[in-house]
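Me: I would like to go through the terms used for a protein structure. Please set each value against its definition.

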Amino acid sequence: MSRLVLLGPPGAGKGTQAKRLSASMGIPQLSTGDMLRAAVAAGSELGRKVKSVMDAGKLVSDAIVNELIGQRIDLPDARKGFILDGFPRSLPQAEALDGLLADRKLKIDRVIEMKVDDEALVARITGRFTCSNCGAGYHDKYQRPKKDGVCDQCGGNTFTRRADDKEETVRARLGAYHAQTAPLLPYYKARGVLVVVDGMAPIDEVTRQMQAVVSEAGVA
């Protein structure tokens, strides 16, 4: 049984690492965004509730998200465990998640914090750009096209940057993370389940560290 939570600021690489762990461990990656979209697409009673909230331009409440997670972890593919990516984001959500699991006589086995340097993370995110034609990803500093202005993959010569990769947006998201989500670290440390990995290491090295954490915890 392996029930994991990945914590780290936006852009730390939680989604990438969650996908890798999911594939190697054979347990699902649970992203609240994906679950919300799936519920809406399924047209279930909860999905209709989610759609009405989203259509009104409002944030989906913690109560609805908790209900969604409860339904998701009851599905057969999550019986051996799951990886929560991007949830919980606040202490009330963490406490609600603990209660939801306790009702099922379950608990979180490990919380893995991907520790990153804010300034390095800003540079990593704001430097990203993609080929408008094929979607190949590049970076101003770390991964430039072999020939400036020409995509290595398709030869295209137009590139785009995501609106939320602007520096002011990234810094605002980091500020929100430190204010709302960082308090989860002492919460989980007090429960003896928090482990820290170097989120600034190369992607393969971060994966190796995470797999070591899971293996050492005996929850693989």
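Me: Which residue of S3 is the bridge partner of Ser31?

Reply: In S3, Ser31 has Asp85 as its bridge partner. The model is predicted, so local features need pLDDT of at least 70 and side-chain atom pairs count only at pLDDT 80 or more, while totals for chains, interfaces and linings use all residues. Residues are numbered from 1 along each chain as its sequence is written, and side-chain values use heavy atoms, with hydrogens and water left out.

Me: What makes S2 and S3 a pair?

Reply: Strands pair if DSSP finds at least two bridges between them. S2 and S3 (residues 81-85) have 3 bridges, in the parallel sense. A strand here is a DSSP run of E with at least two residues, a helix a run of H or I with at least four, and both are numbered from the N terminus.

Me: What is the order of the strands in the open sheet?

Reply: The order of the 5 strands is S2-S3-S1-S4-S8, with parallel pairing.

Me: Why are S2 and S8 called edge strands?

Reply: S2 (29-31) and S8 (194-198) each pair on one side only. From one strand to the next, the twist averages 25°.

Me: Which strands does helix H1 touch?

Reply: H1 (residues 14-25) packs on the sheet and touches S1 (2-7), S2, S3 and S4 (110-115). Contact means heavy atoms within 4.5 Å. The direction of H1 makes about 165° with that of S1. Such angles run from 0 to 180 degrees between N-to-C directions, and axes are lines fitted to C-alpha atoms, for helices over the stretch in contact.

Me: Why are H2 and H3 called roughly perpendicular?

Reply: The axes of H2 (residues 32-42) and H3 (residues 45-55) cross at roughly 110° and come within 7 Å. Angles under 35 degrees count as roughly parallel, over 145 as roughly antiparallel, 65 to 115 as roughly perpendicular and the rest as oblique. H2 and H3 are therefore roughly perpendicular to each other.

Me: Which residues make the contact between H2 and H3?

Reply: H2 supplies Leu36, Ala39 and Val40, and H3 supplies Gly47, Val50, Lys51 and Met54.

Me: How do these residues of H2 and H3 divide by type?

Reply: They divide into 5 nonpolar, 1 polar and 1 charged. Ala, Val, Leu, Ile, Met, Phe, Trp, Tyr, Cys and Pro count as nonpolar, Asp, Glu, Lys and Arg as charged, and the others, Gly among them, as polar.

Me: How many bridges join S5 to S7?

Reply: S5 and S7 (residues 159-160) are joined by 2 bridges and run antiparallel.
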